[in-house]
Amino acid sequence: MDVHAWLLGLGFALPGLFVLYRAVRLGSDVADSIDRAVGPLGRTLLLSFSVAATASVVGTALAWLIVRSNLPGRRFVRVLGPLPLVLPSFVGAAAMLAAVAPGGVLDGALATIGIDNPRLRGFWPAWILLSSFTYPYVLLPVAARLASLSPAAEESARVLGRSAFGAFVSVTLPSIRSAVASSGLLVFLYTVSEFGAVQLLGYDTLTRVIFASRLSDRGTSFVAAALLVLVAVAVSGLERAMRRPAHADQLRASYVVERARLGRWTAPALAAVWSVLAIGLIIPLVSLATWATRAVSGGDIDAARLLEASWNTALAGLLTSVVAVLVVLPLALAVVRHRSRRARSASVAVVSGFAVPGLVIALALVFFTLNTPGVGWLYQTLPLLIAAYVIHFGSQALGASEDAVLAVPDAVRESGLLLEASAQVRARRLDLPLMRPSLLSGGGLVLLSTVKELPATLLLAPIGFRTLATDVWGSYEEGFLPDVGLAALVLVVLSGTLTWFLVLSRAEALRAH
Amino acid sequence: MPTFHRLAKTSVFALVFALLASACTSSSDDDATVTIYSGRNEELIRPILDDFTEQTGIEVEVRYGESADLAVLLTEEGDQSPADVYLSQSPGAVEFLDDEGLLAELPSDVLSLVPETVSDADGRWVGVSGRQRVLVYNPDLVDPADLPSSVFELTDPAWEGRLGIAPGNGSFQDFVTAMRGSIGDDETLTWLEGLEANDVQSYPKNSAIVAAVGRGEIAAGLVNHYYNFRLLEEDPNHVGLNHQLASDDLGSLLIVTGAAVLESSDNQDNAAALIEFLLSEDSQRFFADETFEYPLASGVGPSGDIPPAEFGSVADLDVTGLGADLPGTRNLITEAGLEG
């Protein structure tokens, strides 16, 4: 177990070690480099905290509305809710910019309310757009946690006279707090590493220093990356340290849910839910669709190429999500059930990996693969690409896996130990069914992130391995907007279908038992 | 905790399985294949590469990416790089690799295909196609009579808040490097600070500037000439026109895309043959007519829509010296308070 934790921690720490090594080797004038990075660092922190806080509130509220309330159309919202995650952020931002521009889908609407030719630049647009793109990181784990949580306590509180909201705050919130905190951390780290959208929106953060100086001043580039890694390690270490010891659910697991009646809150709730979906998903999609129609009417659709890209995308996404969950689940068990300190240190490395930009992760793996004897044959193969994805996105499976472990009540485990000798049978009949909603949501998050990953894919994929994200990027780079729209829409449909069949419908089926 | 051990074991198996699953897909490394790292977009090069394979029987494998990312990748790979040829969008990235000592010398019969002004002084890379710096403008917002003839007029109050640039973009940085070479660091800094004081709008890339001009967000922007033609081809409703600054102005600099053979390549003959093919008349015609660029090989003219540009007319500037001091350029841009 220790060996596993050590190896895992080391694997996930590779990008950080690489960055520090390069920063020390190349950073000739570290003081000067840091000086240059301080302003962007402040902006990175401001944006990341704001987005994380907003996404936590929005994601949790949405999760509760979907799982615990009688919100009209909640099944539909349940499918659409996670989807903002599938748009590569630069595509979402570009689509939004096009939407508010003259001739864009929102232009007329904005003009009627007196906003003329708005400029989406700077902190506010970055904050709103990134929050709308990232709340699914919170929605999926929290909804899964709510689904596996017995509503009995909340119902008792209601019977004793608490309002629905009061019962939620005093009874439910403490039980989902760790899920909210760990997924809020994910949003924070995502925003730290975010480059495409902030660049388009003209908000100058640390990642831009890394990218802008990667050729012209490599020392500064790696010093900025090292700062970013330190922020990630500090914040995720802090979150882990502040966490109260988690307790497994002690209540009898139950799946009969009495949904809260929204009553007069129905209309405001619907308005809020659909506004979030509008910004995060619908408006960007409509923009993309207008671009795509030009490709369709132009008649030059390369179906074979799209099919190949879709297949590669699905393959890489599915392999990564399965591997990621299998790799981090033992760590989650060690952290939660056995309170292992080493496992906890390793988990900080896993979580921090999410804040490191894909370009840096890719370069780190290039460095280690080519300089370690005996593994050179792995270079630019699919397994190495999957390894890069797992290092980058393993954090998303980790939080969910910890929730999964928490979802097995001690009483159930103890009865299981008494009644069934075979660990295999216990795992299959007791642990896994209870863990399933959270594990699936973790795998789903990894899947959604992987299918849109770009920088590591471009550098590490087997040569000629085209994905939908690389197609979107290639077309966007040269301004072929119709192709951008088409490939991005295929990406949304593919990810939506995969998450529905593999994650949501299966988590749902559980409740029918 | 048997469950735990089982899971740990399963996870290790899963990793091993994933590693082996497609180990067999490793790329072919024989002489008949040339491997390219291309900063040039697939749409803008693939047809020529297909012709090359058809005519020579030499297979081509391409990794597409941003020029700068691929250059950084090549530095990490060093002598273990699988790449034979590197194609760059701008002189900056290919000069960077030259400085790192990663490029091989090109055969003289390849170098002789282009004028001396568009190849590397020590013969390690050649220009393949050219892009001219222009001022793209929105005719609804700018009276053609008010268009400047020099970039130095853009610090005028008339342009306050109306101009877009892409300070982090390679082409813009190459242009600033050229300006430093021509008028010195102090004057260049003064001009950059003038832009900043004039509330210049920063964008991540050329295409974003052209789109912003089209939707009226800004009146004009400093870009490469072909983005406007491409956007027009995609979107006939796009509003935007190119304005060529005076032919002797720094603002109408010609920036070349570069091609080089990697020193680490064990397939340098075929790699050089490929670069020679990029400079053949048919390939050069493709760059002129399909991607709206300036052909560089001697004797091929630009597409009908595009006004001719004179090589070497820009203050006798040696374009291949561009990119030699990127850090200095970036420092100036940052010092002026622009996001560079």
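The following legends describe close-up views of a predicted model.

**View 1. Overall build of chain A.** Chain A of the predicted model contains 22 helices and zero strands. Its radius of gyration is 23 Å, close to the 24 Å given by the globule rule for 513 residues, so chain A is as compact as a globular protein of that length. Along the principal axes, the C-alpha atoms of chain A fill a box of roughly 65 × 65 × 45 Å. Buried residues account for 58% of the 513 residues in this chain. Of the contacts in chain A between residues at least 6 apart in sequence, 84% join residues at least 24 apart.

**View 2. Confidence along chain A.** The average pLDDT of chain A is 85, and 92% of the residues score at least 70. In residues 509-513 of chain A the pLDDT is below 50, and this stretch has four contacts in the model beyond near neighbours in sequence. Among the elements of chain A, the lowest mean pLDDT, 71, belongs to helix H5 (residues 107-112), whereas H20(A) has the highest, 95.

**View 3. Helix H3 of chain B and its surroundings.** Ten of the eleven residues of helix H3 (residues 67-77) of chain B are buried, so the helix is largely enclosed by the rest of the structure. Among the buried residues are B:Ser67, B:Asp69, B:Leu70, B:Val72, B:Glu76 and B:Glu77. From chain A, helix H16 (358-371) and helix H20 (455-460) pack against the buried residues of H3(B). Chain B contributes strand S1 (33-38), strand S3 (85-88), helix H4 (91-99) and helix H6 (170-183) to these surroundings. B:Gly78 follows H3(B) and has a positive phi, near 55°.

**View 4. The largest nonpolar core.** This core comprises 273 residues, of which A:Leu331, A:Ala388, B:Val85, B:Tyr86 and B:Ile275 touch the most other members. At least three residues of the core come from each of domain 1 (31-129 + 255-307) and domain 2 (131-253 + 326-335) of chain B. Leaving aside residues up to four places away in sequence, A:Leu331 touches A:Ala5, A:Leu8, A:Ala343, A:Ala346, A:Ser347, A:Val350 and A:Leu398. In soluble globular proteins, nonpolar side chains tend to be buried together.

**View 5. Contact between the two domains of chain B.** Chain B is divided into domain 1 (31-129 + 255-307) and domain 2 (131-253 + 326-335). The C-alpha centres of domain 1 and domain 2 of chain B lie 27 Å apart. In the contact, 15 residues of domain 1 of chain B meet 14 residues of domain 2 of chain B. On the side of domain 1 that touches domain 2, the elements giving two or more residues are H3 and H4 of chain B. H4(B) supplies the largest share of that side, four residues. By class, the domain 1 side has eight nonpolar, five polar and two charged residues.

**View 6. Two loop residues with positive phi.** Most residues other than glycine have a negative phi. A:Arg339, although not a glycine, has a positive phi of about 50°. A:Arg339 lies in the loop between helix H14 (303-336) and helix H15 (341-352) of chain A. With 11 other C-beta atoms within 10 Å, A:Arg339 is exposed. B:Asp199, also a residue other than glycine, has a positive phi near 60°. The loop between helix H7 (185-197) and strand S6 (201-202) of chain B holds B:Asp199. B:Asp199 counts as exposed, with 11 C-beta neighbours inside 10 Å.

Conventions. Residues are numbered from 1 along each chain as its sequence is written. Chains are lettered from A and ligands numbered from 1 in the order in which they are written. This is a predicted model: local features need pLDDT of at least 70, side-chain atom pairs count only at pLDDT 80 or more; totals for chains, interfaces and linings use all residues. The radius of gyration is taken over C-alpha atoms; the globule rule is 2.2 Å times the number of residues to the power 0.38. A residue is buried if 20 or more other C-beta atoms lie within 10 Å of its own, exposed if 12 or fewer, and partly exposed in between; C-beta atoms are placed from the backbone. Two residues are in contact if their C-beta atoms, placed from the backbone, lie within 7 Å. A nonpolar core is a set of buried Ala, Val, Leu, Ile, Met, Phe, Trp, Tyr and Cys residues joined through C-beta atoms within 7 Å. Domain bounds come from an automatic or database domain assignment. pLDDT is the predictor's confidence in each residue, from 0 to 100. Ala, Val, Leu, Ile, Met, Phe, Trp, Tyr, Cys and Pro count as nonpolar, Asp, Glu, Lys and Arg as charged, and the others, Gly among them, as polar.
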